[in-house]
Amino acid sequence: MLREIIERFDDAVVVKEPVSKELGVTRYLLKYRDRPVLFKDVDGWEVAGNIWSTRERIASYLGIEREEILHTMTKAMENPEPYRMVDDAPFMANSTGDFSLTELPIPKYYPQDGGQYFTSAMVIARDENGFVNMSFHRMMVIDEKRAAIRLVPRHLYAMWKEKAEAGEELDVRIVVGNPIHVLLAGATSVAYGVSELEIASAMSQRAFGKPLEVFNLGGIPVPAETDFVFEAKILPELTDEGPFVDITGTYDYVRKQPVVVFERMHHVDEPVFHALLPGGYEHYMLMGLPKEPQIYASVKRVVPKVHGVRLTEGGAMWLHAVVSITKQHDGDGKNAILAAFAGHPSLKHVVVVDGDVDIYDDRDVEWAIATRFQADRDLVVIPNARGSSLDPSAEKSLTAKWGIDATKPLERKEEFERARL
């Protein structure tokens, strides 16, 4: 449960005084951007945010080194493992249909937000063939039992669209308050037919030596380690959703999106609601980390020795990346740039460095650019490329992508060696 997870971290901030869910939670999460914050009283509920706001904290929980997060996720995505069904789950301790979304500690994060927003919620659905999908979706509270759900055109959207075209509702479960391996799995982009629950199970097996435990809630499997679970239905009906702050810290526009009706709530004893700050470091981690394995796999197809990939915090862990390689041929750096863009189409800027550069140290990366890069021969610019809709500088999602090859020329590499003691 979230409470037990937060208690493991000795840098957590505990806020004992009452805090308003309207903008009040945001003020603390912005003040302590890289530290977990536990609010003891948000409209009578406990709330936590910034739990997974650093790579180091994520790695510590999984029992691995920071550099191993990439490889742990890669192996789980390539080799999903079955989860284990259990007969009961802690969240079944409290079940009710008598609740109001407006009275739950669902924050309104920024002044121009369209309303209170679920931000850490994942939606689980099963299709008619038995495939189970789990994915993140923000939801704007409309009234006591309804919200507008943002569906990008991926797996859940396809499942909803098939039902909507037949005039039917899609039965779903909405989970809030999950451990990091479940959250990271839910944020991956894998082929239809690969269940994110099985990716989470593979990560659980690797980190804790056991598969993910799952409870069957009305025919839909739900992770047993979750604080809140809602039974809900996504309707064919559309309504306005937004404005809302996305990962770049800028407002996303209002769209017509489906309505979701919440029918029943389950939660553990003394639950903690997970408030994921839009555009905060925790948002960066959960959205960016699952993209690093995709970039890694793409670059590895053209350069055999890839040491690491990092989506940078300065680029909102979405638009900017650093890739570390060992060149075998001159030109490998440029091939790595092109492959990185192919691996993560939203990527706008990438720096490729040698293996002796620490990709987690921005100064070291800048040093490589300063000493190993010449703009007239090492800069790659791709104009009018399809980029991210989240980049406010793009026009109709068209952007100029640019890559920096900050690797040593092979025929002169001894001239670029650092002095060592």
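The legends below walk through several close-up views of this predicted model.

**View 1. Helices α9 and α10 pack against each other.**
Here we look at α9, covering residues 292–300, beside α10, covering residues 332–343. On the α9 side, the contact is made by Gln294, Ile295, Ser298 and Val299, while α10 brings Ala336, Ala339, Ala340, Ala342 and Gly343. Sorted by class, this contact of α9 with α10 has six nonpolar and three polar residues, and no charged ones.

**View 2. Helices α4 and α7 meet in another helix pair.**
Now turn to α4 (residues 69–78) and α7 (residues 196–208), which pack at an angle of about 130 degrees. The axes of α4 and α7 are 8 Å apart. These helices are therefore oblique to each other, and α4 passes α7 in a right-handed crossing. Look for Thr72, Met73, Lys75, Ala76 and Met77 on α4, which make the contact with Ile199, Ala202, Met203 and Arg206 on α7. The residues of this α4 and α7 contact divide into six nonpolar, one polar and two charged.

**View 3. Helix α4 also packs with α9.**
The angle between α4 and α9 is about 80 degrees, and their axes are 9 Å apart. Angles of 65 to 115 degrees count as roughly perpendicular, so α4 and α9 are described as roughly perpendicular to each other. From α4, Leu70, His71, Met73, Thr74 and Met77 meet Glu292, Pro293 and Tyr296 of α9. By class, the contact of α4 with α9 holds five nonpolar residues, two polar residues and one charged residue.

**View 4. Arg55 takes part in a salt-bridge network.**
The whole structure contains 31 salt bridges, and this view picks out a linked group of residues: Arg55, Glu292, Arg310, Glu313 and Asp362. Start with Arg55 and Glu292, which form a salt bridge whose closest N and O atoms are 2.7 Å apart. This pair links distant parts of the chain, with Arg55 in helix α3 (residues 55–62) and Glu292 in helix α9, 237 residues apart. Are these two residues buried or exposed? Arg55 is buried, with a relative accessible area of 4%, and Glu292 counts as buried at 2% relative accessibility.

Arg55 also forms a salt bridge with Glu313, where the closest N and O atoms are 3.9 Å apart. Glu313 sits in the loop between β19 (306–311) and β20 (320–325), 258 residues from Arg55 in helix α3, and this pair too links distant parts of the chain. Glu313 counts as partly exposed, at 24% relative accessibility.

**View 5. Helix α3 is mostly covered.**
Six of the eight residues in α3 are buried. They are Arg55, Arg57, Ile58, Ala59, Tyr61 and Leu62. Following α3 is Gly63, which has a positive phi, near 70 degrees.

**View 6. Helix α5 has buried residues and a glycine just after it.**
In α5, which covers residues 155–165, the side to find is marked by names: His155, Leu156, Met159, Trp160 and Ala164 are buried. Just after α5 comes Gly167, with a positive phi of about 75 degrees.

**View 7. Asp171 and Arg173 meet in a salt bridge.**
The N to O distance between the side chains of Asp171 and Arg173 is 3.0 Å. Asp171 is partly exposed, with a relative accessible area of 27%, whereas Arg173 counts as buried at 2% relative accessibility.

**View 8. Thr26 lies in helix α2.**
Helix α2 covers residues 24–31 and is the place of Thr26. Thr26 is buried, with a relative accessible area of 4%. Which residues does Thr26 touch, not counting those up to four places away in sequence? The residues to look for around Thr26 are Lys108, Tyr109, Tyr110 and Leu277.

Technical notes:
Residues are numbered from 1 along each chain as its sequence is written. Side-chain values use heavy atoms; hydrogens and water are left out. Axes are lines fitted to C-alpha atoms, for helices over the stretch in contact, and angles run from 0 to 180 degrees between N-to-C directions. Helices (H or I, at least four residues) and strands (E, at least two) are DSSP runs, numbered from the N terminus. Contact means heavy atoms within 4.5 Å. Ala, Val, Leu, Ile, Met, Phe, Trp, Tyr, Cys and Pro count as nonpolar, Asp, Glu, Lys and Arg as charged, and the others, Gly among them, as polar. A salt bridge is a side-chain nitrogen of Lys or Arg within 4 Å of a carboxyl oxygen of Asp or Glu. Buried means under 20% relative accessible area, exposed over 50%, partly exposed in between (1.4 Å probe, protein chains only). Angles under 35 degrees count as roughly parallel, over 145 as roughly antiparallel, 65 to 115 as roughly perpendicular and the rest as oblique. A crossing is left-handed if the near helix is turned anticlockwise from the far one by less than a right angle, and right-handed if clockwise.
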